[in-house]
Amino acid sequence: MPFVVYLLGLAVFAQGTSEFMLAGLVPGIARELGVSIPAAGLLTSAFAAGMVVGAPLMAVLSLRWSRRSALLSFLVAFLIAHVVGAVTTDYPVLLATRVVAALANAGFLAVAMATAIALAPPDAKGRATSILLSGVTIACVAGVPGGALLGELWGWRSAFWAVALALVPAIVAVLRSVPGGAPGGTARGEARALRHPRLLVLLLLGALVNGATFSTFTYLAPLLTGVTGIAQVWLPGLLALFGLGSFAGVTISGRLADTRPKVLLVAGGLALAAGWALFGLVAGVPVAAVALVLVQGTLSFAVGSTLISQVLYAATTAPTLAGGFATAALNVGAVLGPWLGGLAIGAGLGFRSPLWVSAALVTLALAVAAATRPYHQAEPAPARPISEA
C-alpha cells in the first residue's frame, strides 16, 4: 500500500478528533462563552449536519480541481476554521467555524477515498478504505480522550490549537506525495454511475448499521453507570475499549473486505444484531457488558467499513461522488441513531432501550439486504464483488 494512503489516514485522524472531541469540551465552552449547555451541544449537531449536507456538495465541487488541489484546499480550510475557533470569543462565530470545518472534512474524506483507491492496487479498495477509517477509530481511542485532557489542563481552546497543529504535517505530505494532474471527471458523468440500485442499497445499509452503532455509543456512559453499575472513574477506559474494538474492526475489514466481503457482511451482520440484543439482556452484568463493549465495537466497524468499500467497488467510474455519498450515509446514521435512542429513553424505556434500537436497525439492514438480493447479483463489482465472494 503506498505510504501516502497512511498519511491521508493521519489527516482523517486529526479531523476525526475534532468531530468527537467536543463531547468533553462542552461544559468549558458553555461557561466561557456564556451560553447554555444545550447551546454548546449544538456545536456537535452543526458539525454532523454539515457533514451530511456537505459530503455530496463538496464532492461535486472538488471535481473541478485536481485531487491534490482539492485535498489541500479542504485541509487548509479545516485548519483555518480551527484557528478562528480557538481565538474567537463569540458563540455565533464558533458555531460558523464548526459548519465550515464539517464541510471541509466532508469534502476531504470524499476526495481522500477516491485518491486512496486510485493509488492502491485494483483489488485492495477494502484495505485502502480501512486505513482511512482507522484514523477515525484511533481518534476515538486516543484523540478524543487527549482533547478532553487538554481541555482540563489548558482550557478548551488548546484542543482546537492541537487539531490545527496536527494538520500541518498532513498538508505537507499531501503537497509532496499526492500526484497533481487534471480533474478526474465531471459531475454529470459520475452522477450517472450512482443510479444503480445496488449502490443505493449499500448506502442505505451503511446508514442503518452506523445508526445502530451511534444509537448505543451516544448513551454508553449512562448505560454503563446507571444500568451496569460501573463507577464513573472507569468510563474513559471503557470508551477507549470501544475505540480499540472499532480499530480491530477496520483492521479485520482491511484483511477480508477485498476477498471475502459476503462472508464478513452476512456473518458479521447476524452476529452484530444478536450482539446488540444480547447486550440488552445482560447489560446489568458488568463482566458481560464490558466484553460486549469490545465485541460490538469490533463488529460494528468491521461491517460498516466493508459496506463502504463495497460502495467504492460498485462505483468505480464515480469514485469521488461515491466517497461523498458514503460519507453522507455514515453521518445520516450518526444523526439518526442518537435521535432514535434518545426518543426511546425519553419514552421512559430506560437506558437499555438504545441497545434494542441498535438491534432493530441492524435487523432492518439484514432484511433490506435479503429483500434486495437480486440487485447484488445483477450488478457485480469489477473485483471480488459481494455476489461472488
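**A friendly note on an all-helix model**

1. Let us start inside. The structure holds two cavities of 30 Å³ or more. The largest cavity has a volume of about 350 Å³, and 26 residues line it. Closest to its centre are Leu 133, Val 136, Asn 210, Phe 301 and Leu 330. Please keep in mind, as you read on, that this is a predicted model.

2. Which helices each supply at least two residues of the lining of the largest cavity? They are helix H1 (3–21), helix H5 (91–119), helix H6 (125–154), helix H9 (197–217), H13 and helix H14 (319–349). Several of the points below return to them.

3. Now step back to the whole chain. Its secondary structure comes to 16 helices and zero strands. The chain has 389 residues, and 54% of them count as buried.

4. Is Ser 305 buried or exposed? Its relative accessibility is 2%, so Ser 305 counts as buried, the cut-off being under 20%. Leaving aside neighbours within four places in sequence, Ser 305 is in contact with Thr 129, Leu 133, Val 250 and Ser 253. Ser 305 and Gly 249 are 56 residues apart along the chain, yet their C-alpha atoms are separated by 8.0 Å.

5. Leu 307 also lies in helix H13, which covers residues 286–314. Its relative accessible area is 4%, so Leu 307 is buried. What does Leu 307 touch, leaving aside its neighbours within four places in sequence? The contacts are Leu 202, Leu 205, Gly 206, Val 209 and Leu 265. Leu 307 and Ala 257 are 50 residues apart in sequence, while 8.6 Å separates them in space from C-alpha to C-alpha.

6. Gly 337 is found in helix H14. With a relative accessibility of 0%, Gly 337 counts as buried. Apart from neighbours within four places in sequence, its contacts are Gly 211, Phe 214 and Ser 215. In sequence, Gly 337 and Thr 216 are 121 residues apart, but their C-alpha atoms are 7.8 Å apart in space.

7. Asn 105 sits in helix H5. Not counting residues up to four places away in sequence, Asn 105 touches Gln 15, Glu 19, Phe 47, Met 51 and Phe 78.

8. Next come charged side chains. How many salt bridges does the count come to? The answer is one. Arg 157 forms a salt bridge with Glu 32, and the closest N and O atoms are 2.8 Å apart. Arg 157 lies in helix H7 (residues 156–177) and Glu 32 in helix H2 (residues 26–33), so the pair ties together parts that are 125 residues apart in sequence.

9. Arg 157 has 17% relative accessibility and counts as buried, whereas Glu 32, at 46%, counts as partly exposed. The labels follow because buried means under 20% relative accessible area and exposed means over 50%, with partly exposed in between.

10. Which residues make the nonpolar surface patch of about 270 Å²? They are Val 76, Ile 80, Val 84 and Val 93. Helix H4 (residues 67–87) gives the largest share of the patch, three residues.

11. Val 84 is one of the residues of this patch, and Val 84 lies in helix H4. How exposed is Val 84? At 33% relative accessibility, Val 84 counts as partly exposed. A residue of a patch needs over 30% relative accessible area, so Val 84 passes that cut-off.

Note on methods
Residues numbered from 1 in each chain as written. Predicted model: local features only at pLDDT ≥ 70, side-chain atom pairs only at ≥ 80, totals over all residues. Heavy atoms only, no water. Patch = residues over 30% accessible without salt bridge, like charges linked within 9 Å, V, L, I, M, F, W, Y side chains within 5 Å. Areas by Shrake-Rupley, 256 points an atom, 1.4 Å probe, with all protein chains shown as cover. Salt bridge = Lys/Arg side-chain N within 4 Å of Asp/Glu carboxyl O. Helix = DSSP H or I, 4+ residues; strand = E, 2+ residues; numbered from the N terminus. Buried < 20%, exposed > 50% of the residue type's maximum accessible area, 1.4 Å probe, protein only. Contact = heavy atoms within 4.5 Å. 1 Å grid on protein atoms, 1.4 Å probe; cavity = no way out; pocket = protein on both sides within 12 Å on 5 of 7 lines; lining within 4 Å. Points joined across faces, edges and corners; volume = space filled by probe spheres on them.
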